[in-house]
Amino acid sequence: MNLNNKIEYPSEGVLSKVINKTEKNNLTLFCMSSGTDISTHTSTKEGFVYVLEGKGTFILNGKEIPMEPGVLIFMDQNAPHSLNAKENTAFLLSLNN
């Protein structure tokens with residue numbers, strides 16, 4: 001599968017596409033338009049974010065992490081996090097059951 005062919009930015013907000021879902025793992029592609037924020041939230045699952053393209057800020061447990069291509073961010077379950085896309089930004093989110 002070529003993920004680059006699946007990247008599609010909405011005019012505003014977030015577009016998500018489920019890439020693969022099993023009993024043990026959910027893999028979702030997120031495409032955030034420039035200027036979009038995702039407010040602080042948590043997940044009951046551990047997982048990771050892998051940035052494919054764009055620039056933004058990922059705040060995990062109060063720590064700012066630059067989102068740029070190639071960045072891999074590991075998250076523990078119940079870790080508070082938020083995101084801001086400074087430009088169109090695409091990333092994979094993998095959550096483990």
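Colleague: How many aromatic pairs does the structure hold?
Modeller: This is a predicted model, in which local features need pLDDT of at least 70, side-chain atom pairs count only at pLDDT 80 or more, and totals for chains, interfaces and linings use all residues. Residues are numbered from 1 along each chain as its sequence is written, and side-chain values use heavy atoms, without hydrogens and water. Rings of Phe, Tyr and Trp (its six-membered ring) pair if their centres lie within 6.5 Å; planes under 30 degrees apart count as stacked, over 60 as edge-to-face and the rest as tilted. The number of aromatic pairs in the structure is two.

Colleague: At what angle are the ring planes of phenylalanine 30 and phenylalanine 91?
Modeller: The centres of these two rings are 5.2 Å apart. The pair is stacked because the planes of phenylalanine 30 and phenylalanine 91 are at 5°.

Colleague: In which strands do phenylalanine 30 and phenylalanine 91 lie?
Modeller: Strands (E, at least two residues) are DSSP runs, numbered from the N terminus. The pair ties together parts that are 61 residues apart in sequence, because phenylalanine 30 lies in strand E2 and phenylalanine 91 in strand E9.

Colleague: Are phenylalanine 30 and phenylalanine 91 buried or exposed?
Modeller: Buried means under 20% relative accessible area, exposed over 50%, and partly exposed in between (1.4 Å probe, protein chains only). Phenylalanine 30 and phenylalanine 91 are both buried.

Colleague: At what angle are the ring planes of phenylalanine 48 and phenylalanine 74?
Modeller: The centres of these rings are 6.2 Å apart. The pair is tilted because the planes of phenylalanine 48 and phenylalanine 74 are at 55°.

Colleague: How many residues apart in sequence are the parts that phenylalanine 48 and phenylalanine 74 tie together?
Modeller: Phenylalanine 48 is partly exposed at 27% relative accessibility, while phenylalanine 74, at 57%, is exposed. Phenylalanine 48 lies in strand E4 and phenylalanine 74 in strand E7, so the sequence separation in residues is 26.

Colleague: Which residues of the largest nonpolar core touch the most other members?
Modeller: In soluble globular proteins, nonpolar side chains tend to be buried together. A nonpolar core is a set of buried Ala, Val, Leu, Ile, Met, Phe, Trp, Tyr and Cys residues joined through side-chain atoms within 4.5 Å. The largest one has 16 residues, and those touching the most other members are Val49, Phe58, Leu60, Phe91 and Leu93.

Colleague: Which element supplies the largest share of this core?
Modeller: Several strands each supply at least two residues, including E2 (25-32), E4 (46-53) and E9 (89-96). The largest share, three residues, comes from E9.

Colleague: What phi does asparagine 61 have?
Modeller: Most residues other than glycine have a negative phi. Asparagine 61 is found in the loop between E5 and E6, and its relative accessible area of 52% makes this residue exposed. Although it is not a glycine, asparagine 61 has a positive phi of about 55°.

Colleague: How much space lies in the largest pocket?
Modeller: On a 1 Å grid over the protein atoms alone, a pocket is an open set of points where a 1.4 Å probe fits, with protein on both sides within 12 Å along at least five of seven lines; lining residues have an atom within 4 Å of a point. Grid points are joined across faces, edges and corners, and a volume is the space filled by probe spheres set on the points. Among the lining residues are Phe30, Val49, Phe58 and Phe91. The space in the largest pocket is about 150 Å³.

Key
Helix = DSSP H or I, 4+ residues; strand = E, 2+ residues; numbered from the N terminus.
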